Amino acid sequence: MATAPHTPLPRWEEDPILAVEHLFMRFGGLIAVNDLSFKVGRGDITALIGPNGAGKTTVFNCITGFYKPSEGRLVLAHGRAPTDGELASVTLIGERALVGASSGVYLLERMPDHRVSGEAKVARTFQNIRLFTGMTVLENLMVAQHNALMAASGYSLKGLFGLPSWNTAQYEATENAKYWLDKVGLTDRADDPAGDLPYGAQRRLEIARAMCSGPILLCLDEPAAGLNPRESLELNELLRSIRAEHGTSILLIEHDMSVVMEISDHVIVLDYGTKISDGTPDAVKNDPRVIAAYLGVDEDAVEEVEAEIEAEVAGSTTEATS
Ligand SMILES: Nc1ncnc2c1ncn2[C@@H]1O[C@H](COP(=O)(O)OP(=O)(O)OP(=O)(O)O)[C@@H](O)[C@H]1O
């Protein structure tokens with residue numbers, strides 16, 4: 001008897017690095033994020049898109065510890081995703097647990113922002129660039145490694161006495177900074193104040209700064225905002241090489257559809273805090289709910305589209321069962 005062809009699960013189902021589970025964020029009477037669940041595949045470039053005010057930045061703020069969610073669980077797995085049993089015990093005992101040999105599982109909703117970046121290794125950039133504009137480009141990258149350097153300095157003593165472990169850590173931090181300067185094409189601007197850089201270069205420096213902390217998940221809030229078409233193409237290349245050469249998973253919020261459709265493996269669409277679509281770029285692009293949300297058509301038209309979708313789904317279910 002012929003068996004049905006096996007359809008492989010998408011990576012975000014097979015090997016998720018992050019699972020957002022039933023996330024709610026309320027601000028007084030406003031529900032900015034409404035029962036949102038999705039997964040981010042390990043090594044994927046995942047885009048979170050949606051019209052203005054859909055709740056995208058609020059989701060980022062929850063993942064990166066800037067907001068404490070009203071409800072929900074945010075599971076980050078450094079190694080393989082935990083089993084249901086392992087996850088239940090982490091949820092019971094605390095915010096972090098080791099699963100398998102040495103890989104950690106972190107419940108991000110329980111952690112403050114500095115531990116989400118320092119321990120869980122989730123780095124982010126902001127919608128409005130937040131560099132230290134008076135510091136040099138290189139200094140911005142050294143500051144990003146402050147935590148590692150402080151630990152290596154024994155919280156100052158080893159640094160004061162110039163012990164070898166401190167010297168090694170400082171050397172490595174400088175080499176790391178130089179590597180990322182080169183990667184984003186800013187080596188010749190290393191000693192200039194960051195505030196003197198053109199806008200596109202400041203955006204690249206933000207990404208370099210985030211990468212200096214060695215994240216396993218990089219969250220970028222509108223990295224292509226304000227970039228010209230050439231700079232957008234360079235950004236695509238940079239993000240692809242970060243994924244290919246460092247294995248970093250990337251979650252980005254983006255309005256520039258040329259960037260989203262070109263580089264994403266997986267797209268999640270929000271509207272009024274609710275997920276309306278989740279799939280490959282092609283699937284999402286052709287989803288009538290997404291088209292309706294983006295075109296801003298009136299509610300009657302949206303209802304018509306929804307009725308059509310429901311009729312189609314009902315039709316295909318009947319066909320499948322007959
Ligand atoms: N700290 C806050 N206090 C009150 N309301 C907030 C807060 N942060 C966000 N909101 C509201 O939550 C909703 C979602 O905002 P959010 O910034 O997450 O949307 P967004 O999808 O990122 O929008 P944009 O694409 O314009 O950046 C908006 O109605 C916003 O006004």
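Predicted model: local features only at pLDDT ≥ 70, side-chain atom pairs only at ≥ 80, totals over all residues.

Residues are numbered from 1 along each chain as its sequence is written.

**The ligand.** Select F27, L30, A32, G50, N52, G53, A54, G55, K56, T57 and T58: they surround the ligand, each with its C-beta atom, placed from the backbone, within 6 Å of it. The elements giving two or more residues to this shell are β2 (30–41) and α2 (56–63). Helices (H or I, at least four residues) and strands (E, at least two) are DSSP runs, numbered from the N terminus. α2 contributes the most, three residues. Colour by class and you get four nonpolar, six polar and one charged residues; Ala, Val, Leu, Ile, Met, Phe, Trp, Tyr, Cys and Pro count as nonpolar, Asp, Glu, Lys and Arg as charged, and the others, Gly among them, as polar.

**Strand β9.** Now pick residues 249–253. Five of the five are buried, so β9 is largely enclosed by the rest of the structure (buried means 20 or more other C-beta atoms within 10 Å of a residue's own, all placed from the backbone). S249, L251 and I253 point one way, while I250 and L252 point the other.

**Its neighbours.** Look for A47 opposite L252. From β8 the chain passes through helix α10 (residues 229–246) to β9 in a right-handed β-α-β crossover: with the strands pointing away from you, the path from the first strand over the helix to the second runs clockwise.

**Strand β4.** Which way does β4 (residues 71–77) run against β1 (residues 16–27)? The two are antiparallel, with five bridges, and F24 has E71 as its bridge partner. β4 also pairs antiparallel with β6 (residues 103–107) over three bridges, where A77 stands opposite V105.

**The core.** Finish with L76, A208, L217 and L218, the residues with the most contacts inside the largest nonpolar core, which has 74 residues. Such a core is a set of buried Ala, Val, Leu, Ile, Met, Phe, Trp, Tyr and Cys residues joined through C-beta atoms within 7 Å. Helix α9 (residues 199–212) supplies the largest share, six residues.

Terms used
Buried ≥ 20, exposed ≤ 12 C-beta atoms within 10 Å, placed from the backbone. Pairing = 2+ DSSP bridges.
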